[in-house]
Amino acid sequence: MSAASTMDEVFDRARAAIPGGVSSPVRAFGSVGGTPRFIASASGPHVTDVDGREYVDLVGSWGPAILGHAHPEVVAAVQEAASRGLSFGAPTLGEVELAEEIRRRVPPAERVRLVSTGTEATMTAIRLARGVTGRDLVVKFAGCYHGHVDALLAAAGSGLATLALPGSAGVTPATAAETLVLPYGDVPSLEAAFAAHDGRIAAVITEAAPANMGVVEPGTFNAEIRRVTAAHGALMICDEVLTGFRTGPSGWWGVENDVADGAAALAAAADQGSGARARTPATSSYSPVSDLAADVRARRDDPLAADAGPSTTAVWTPDLFTFGKVVGGGMPVAAIGGPAAIMDALAPLGPVYQAGTLSGNPVAVAAGLATLRLADDAVYARLADTSRAVRTGLTEALDAVGLAHAVSSAASLFSVAFRDERPRGWDDVQAQETFRYPAFFHAMLDAGVALPPSVFEAWFVSAAHDDAAVGRVLDALPGAARAAAA
Ligand code: PLP
C-alpha cells in the first residue's frame with residue numbers, strides 16, 4: 001500500500017464505523033475540507049500521521065498538552081500507575097494529591113471533585129448551583145462553549161460554530177427555555193436579565209477567557225459578572241476547562257487577579273459577595289426557597305463553618321470553578337472546585353448527586369498530577385515567549401499581503417480573525433472573512449504545521465515548542481498568508 005493511500009483508506013474505514021469518521025466533530029475537517037490527519041504518534045511539539053508525516057502541532061490535544069506530547073516524566077508516571085492497576089472504584093492517594101495541587105494553585109477551590117470530562121464538570125456545576133440556590137435558570141454567553149451539556153448547547157461556539165449550528169437537535173424546548181443566552185461582554189443585558197427574572201437565576205456560567213469562538217479578550221467582564229451575580233444571590237461559575245493551568249499557574253482567575261502563586265498571594269476579600277470565602281460574611285444572600293439553600297447560606301455566613309486558610313484579595317472570585325484538559329495532562333480528568341459551603345452540598349455529604357465509575361481514575365490522575373508538578377514558572381514563561389513569537393510572525397505575514405486581520409490573546413492562548421478589529425463577542429466573530437481560513441489552514445498543513453481545523457478555535461503552544469519548531473511555523477506563515485489572500 002502506498003503511503004499516500006493510508007490516510008484515505010483509514011478515513012474510509014472510519015466513516016463506515018464511526019459517524020463522520022471521528023469521535024468528536026471538529027476533528028472532521030468539516031469547515032476546512034479535506035481528509036483529517038489520523039495521528040499515529042506524537043512527541044514534544046510534533047504529531048506524526050499514519051502516513052509517517054510529521055507536523056509541528058498547534059492543537060495540543062485542544063489544550064492539555066502544555067508540556068508537549070508524551071513528556072517522558074508524564075509517561076513514566078502513567079506507566080508506573082498502570083502497573084499498580086487501572087481502576088479500583090475506590091479512593092486513592094493520587095486523587096487526593098491532585099485535588100490538593102488544584103487547591104494550592106487556586107485556593108478558593110477549597111473542595112475539589114474529580115470527574116472525567118469538562119462536560120461533566122460544567123454539568124455538575126450547573127446542578128450544584130441549582131441545588132444550592134433552589135433556582136432554575138442559567139445564564140450563558142453566546143459563543144462560550146461549556147461542553148455538550150443539554151442546557152449549555154445554545155449558541156455554544158466551538159464545534160457548533162464550526163458546523164454553523166445554532167444548537168443541537170435532541171435538546172428539549174423545556175431544557176432550552178431554562179438557559180438564557182446573552183451577548184458576551186454586555187453588562188446592561190446581564191443586568192436586564194436579572195431584572196426580568198429576579199430570584200430565578202441560579203448561576204451565570206462564563207468561560208474565564210472565551211476561547212471557543214476564537215479568543216475574545218474578557219476585559220473587565222468577569223468582575224462585572226461577579227458584581228451582578230453577587231447582588232442577586234446567583235452563583236458565578238467560572239469555566240476554566242480550557243484556560244485553567246494553561247494561561248497561568250492559577251489559571252485565568254490567577255492572571256486577572258494577579259495571583260502569581262495561589263497559595264502565597266491570597267488575602268482577604270470580604271465582600272466579593274457570594275464569591276467570598278466563607279470565613280468572611282458574604283454580602284449576597286440566596287433566596288431561601290429550599291431547605292438546602294437556607295442551609296448553605298447559613299454555613300456560608302458562619303465563620304466557624306469554613307476552613308481555616310488564606311482568604312482572598314482577588315478582585316473577583318467565582319463561586320465555582322470548572323477545570324479540565326491540563327488537569328488530566330492528556331488523560332480524562334476534569335474537576336469542579338469551590339468553597340466547602342457549596343461543594344459539600346455534593347453527595348455523599350449533601351443532596352446534589354454526582355458520581356462516576358472512572359472518576360479520579362488512578363492512571364489518568366497520575367498524568368494530571370505529573371503535568372501540574374512539572375508546570376512551573378519556566379513552563380509558563382516558555383508558553384508566553386512561544387505564543388508571542390508566533391503571534392508576531394502571524395501578524396507580519398498577514399500584514400505583508402495586506403489582509404485585514406486581528407490577533408486576540410489571553411496569556412499564551414490566541415487566535416486570528418479575518419477582520420479589522422479584535423472581536424468582542426459572537427456577532428463580531430461571525431463578521432469576518434471566514435472563507436479565507438481553509439486556504440490558510442491547508443497551506444500551513446502542507447508546510448508541516450497542524451493548526452486547529454476551524455477559524456473559531458484557539459491555537460495552542462507548548463513548552464516543548466523549541467526554536468526549531470517555532471522556526472518551522474514562522475517559515476510556513478508567509479505562504480499561508482499568500483494563500484489566504486488569493
Ligand atoms: N468548557 C470549556 C471552556 C471547553 O473548552 C471545553 C472543551 O473544549 C469543555 C468545557 C468541555 O470539555 P470536554 O470536551 O472535556 O467535555
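These exercises walk through a predicted model of one chain.

**Exercise 1. The chain as a whole**

Task: State how many helices and strands the chain has, and what share of its residues is buried.

Solution: 
- Start with the secondary structure. The chain has 17 helices and 13 strands.
- Next, burial. Of the 486 residues, 54% are buried.
- Last, contacts. Take those between residues at least 6 apart in sequence: 76% of them join residues at least 24 apart.

**Exercise 2. Helices α16 and α17**

Task: Decide whether α16 and α17 are roughly parallel or roughly antiparallel, and list the residues that make their contact.

Solution: 
- Locate the pair. Helix α16 covers residues 437-446, and helix α17 covers residues 467-485.
- Two packed helices are described by the angle between their axes and the distance between the axes.
- Here the axes come within 8 Å and cross at roughly 150 degrees.
- Angles over 145 degrees count as roughly antiparallel. Therefore α16 and α17 are roughly antiparallel to each other.
- The crossing of α16 with α17 is right-handed.
- From α16, the contact uses Ala-439, Phe-440, Ala-443 and Met-444. From α17, it uses Ala-476, Gly-479, Ala-480, Ala-483 and Ala-484.
- Sort these by class: eight are nonpolar, one is polar and none is charged.

**Exercise 3. The buried side of α16**

Task: Name the buried residues of α16 and say what they pack against.

Solution: 
- The buried residues in α16 are Tyr-437, Phe-440, Phe-441, Ala-443, Met-444 and Leu-445.
- They pack against α17 and against β13 (449-450).
- Now look past the helix. Gly-448 follows α16, and its phi is positive, near 90 degrees.

**Exercise 4. Two residues compared**

Solution: 
- Ile-237 lies in strand β8, residues 235-240.
- The cut-off for buried is 20 or more other C-beta atoms within 10 Å.
- Set aside residues up to four places away in sequence. Ile-237 then touches Ala-125, Ala-129, Ala-203, Val-204, Ile-205, Pro-318, Asp-319, Leu-320 and Thr-322.
- Gly-479 is found in helix α17.
- Beyond its neighbours within four places in sequence, Gly-479 is in contact with Ala-443 and Ala-447.
- Gly-479 and Asp-239 are 240 residues apart along the chain, and their C-alpha atoms are separated by 36 Å.

**Exercise 5. Around the ligand**

Task: Identify the residues that come nearest to the ligand.

Solution: 
- There are 16 residues around the ligand; Gly-118, Thr-119, Gly-147, Val-241 and Leu-242 come nearest.
- Helix α4 (residues 118-133) gives the most to this shell, with three residues.
- By class, the shell has five nonpolar, nine polar and two charged residues.

Terms used:
Residues numbered from 1 in each chain as written. Predicted model: local features only at pLDDT ≥ 70, side-chain atom pairs only at ≥ 80, totals over all residues. Axes fitted to C-alpha atoms, helices over the stretch in contact; angles between N-to-C directions. Helix = DSSP H or I, 4+ residues; strand = E, 2+ residues; numbered from the N terminus. Parallel < 35°, antiparallel > 145°, perpendicular 65-115°, else oblique. Left-handed = near helix turned anticlockwise from the far one by under 90°. Contact = placed C-beta atoms within 7 Å. Nonpolar A, V, L, I, M, F, W, Y, C, P; charged D, E, K, R; others polar. Near = placed C-beta within 6 Å. Buried ≥ 20, exposed ≤ 12 C-beta atoms within 10 Å, placed from the backbone.
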